Structures are given as C-alpha cells and as structure tokens.
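The sequence and structure come first.

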Amino acid sequence: MAGAAGRLLLAGAAAATAVEVAHLAPAAGRLTPARRTVCRGLAGYGSATHVALTFDDGPDPRSTPHFLDELDALEVRATFFLLGSMLERAPVLGRELVERGHEVAVHGWDHRRPWWPDPARDLTELRRTVGTITEACGVRPRWYRPPYGVLTSGLLRSARRTGLRTVLWTGWGRDWTAHATPASVYATLRPQLRGGATLLLHDSDCTSAHGAWRSALGALPRVVEHCRERGLWVGSLREHGLA
Ligand SMILES: [Zn+2]
C-alpha cells in the first residue's frame, strides 16, 4: 500500500472483482513498521484478546431489531456501520442502537460504487451522513467503512476531513448471498476467528439477496461461542484496541 494512497482501490464485499482485505496482511510484511501499523489498523486488526463484531448496511426495521435481541441474549455489543439513507427512514432505530449499548459508524449516504472520482461529492455525502447519525443517534461516529470496501483518495481524504477513521475488515461470512445459511456463514468465518479480527456481517439485505440477513443472525451464537471457548472477548470497535 506504500505510496498508493492516491489510487488505493480495495474491492470488498459483494464486488465481482473482490480483493479480500486479508491480502493486506502478507503485503504488510514488505512495509516499514509505521506503514505496517497503518495497514493493520485499516484492515481492523486490534487487540490479540478481542474480536470486533461489525454490521453493515442498516439500520433496517425489518431485520436490525432481530440482531438487537440476539446480541442482548448473547450479551455482546457491536459496531453498526449505517447508511445515511437508511437511517433517514428509521431514525428511532438508530437511537435504539446506541441506547442498547452499541456503537454507530459511517458506511456512507447510500451504497453506490464510486466509479467516477468526485472528491467534492464524497465530502458532502460524508458530512451529511455524519450529521444525520449525530442528530438521530445522539453520538458523533468515529469510524468509516466505504461500501464494498472501495477506497479512493477522495474518500480517504474526505473521511479524514470529517474526523473519521477508516476501518475495513479482516474476515467476512459471505452472508450476502442467496444461498448463505447460518452454517455456511459460521464455516466461512471460523478460520478467521482469531484474536485481533474484525468481522464483517450485514444486519440488512438492502444490498444483498432477499432475506440473506437471516444467515448472519443465525450464525451469531456459534461465532460468539467459538470465540469465548478460546478466551476471546467479542465486542465493538471502540473496545478493539486499534493502534
Ligand atoms: Zn455495505
């Protein structure tokens, strides 16, 4: 990633030409210690005793309340990367996320892929999303994760100017496909359930196959149990000890 900030492009979840962010890890071996730290932080590597649980694409009144109840039952707090356009339609649910102990973060105003660089638009949309989250949820978000994990120099710069730190993920459950099941999501995640991991799941199917969120929801108990059996804490990004 050295020197590539100007044209950094990381394709992520659901992108046809996906480059898994986990690929950052071997690449980081060739970097200076300072840049390696930046890359690991960008990917979401945190404390060796902690696993960060994150959800993208909500809040969605059809699905997010089920996640809130399941997370309560598991006594786990998570980070929700919100879409401003979704929150605008369900502001009360955004407030409820915070009231029930979870962290809210920025996923963007909508789920567009930035095919054409437009730094002015990026900054405007991020500011709008931060404003909407702050007003609806009562807290100012700290983290940013662009849709599909696609980062451009304009998005990175806009995030910094908006006071956001960009965090992607180290492991995903491929929970967005029509064929995903709780078992498939757990099986996909299992090799990635290590200390320091940041897990990506979705609490809404607004950009996924209809009903796909049920696979992520159903996988949660096994994911949490797996981590706890290995002495790992599961929680939000604010507890993740990102360098
Ligand atoms: Zn997304």
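What follows covers the metal site, then the aromatic pairs, then the cysteines.

The model is predicted. Its zinc ion is held by three named residues: Asp57 through OD, His107 through NE2 and His111 through NE2. Along the chain, the donors follow the spacing D-x49-H-x3-H. Asp57 sits in the loop between β1 (50–56) and α3 (64–74), and His107 sits in strand β3 (residues 103–108), so this pair ties together parts 50 residues apart in sequence. Asp57 is buried at 0% relative accessibility. His107 is buried too, at 1%.

The whole structure contains 5 aromatic pairs. Two of them are tabulated here.

| Pair | Centre distance | Plane angle | Class |
|---|---|---|---|
| Phe55 and Phe80 | 5.0 Å | 25° | stacked |
| Trp172 and Trp176 | 5.2 Å | 80° | edge-to-face |

Why does the Phe55 and Phe80 pair count as stacked? Its planes meet at 25°, and stacking requires planes under 30 degrees apart. Phe55 belongs to strand β1 and Phe80 to strand β2 (residues 79–83), 25 residues apart. Phe55 is buried at 0% relative accessible area, and Phe80 is also at 0%. Trp172 is buried at 3%; Trp176 is buried at 12%. Ring pairs also join Phe55, Phe67, Phe80 and Trp213 into a cluster.

Charges over rings come next. Arg40 lies over the face of Tyr45, 4.3 Å from the ring centre. The charged end of Arg145 sits over the ring of Phe81, at 4.2 Å from its centre.

How many disulfides does the structure hold? The count is 0. Cys137 is buried at 2% relative accessible area, and Cys227 is buried at 0%.

Key. Residues numbered from 1 in each chain as written. Predicted model: local features only at pLDDT ≥ 70, side-chain atom pairs only at ≥ 80, totals over all residues. Heavy atoms only, no water. Disulfide = S-S within 2.5 Å. Buried < 20%, exposed > 50% of the residue type's maximum accessible area, 1.4 Å probe, protein only. Donors = N, O, S within 2.8 Å, 3.2 Å for Na, K, Ca; no water. Helix = DSSP H or I, 4+ residues; strand = E, 2+ residues; numbered from the N terminus. Phe/Tyr/Trp six-rings, centres within 6.5 Å; stacked < 30°, edge-to-face > 60°. Lys NZ or Arg CZ within 6 Å of the ring centre and 35° of its normal.
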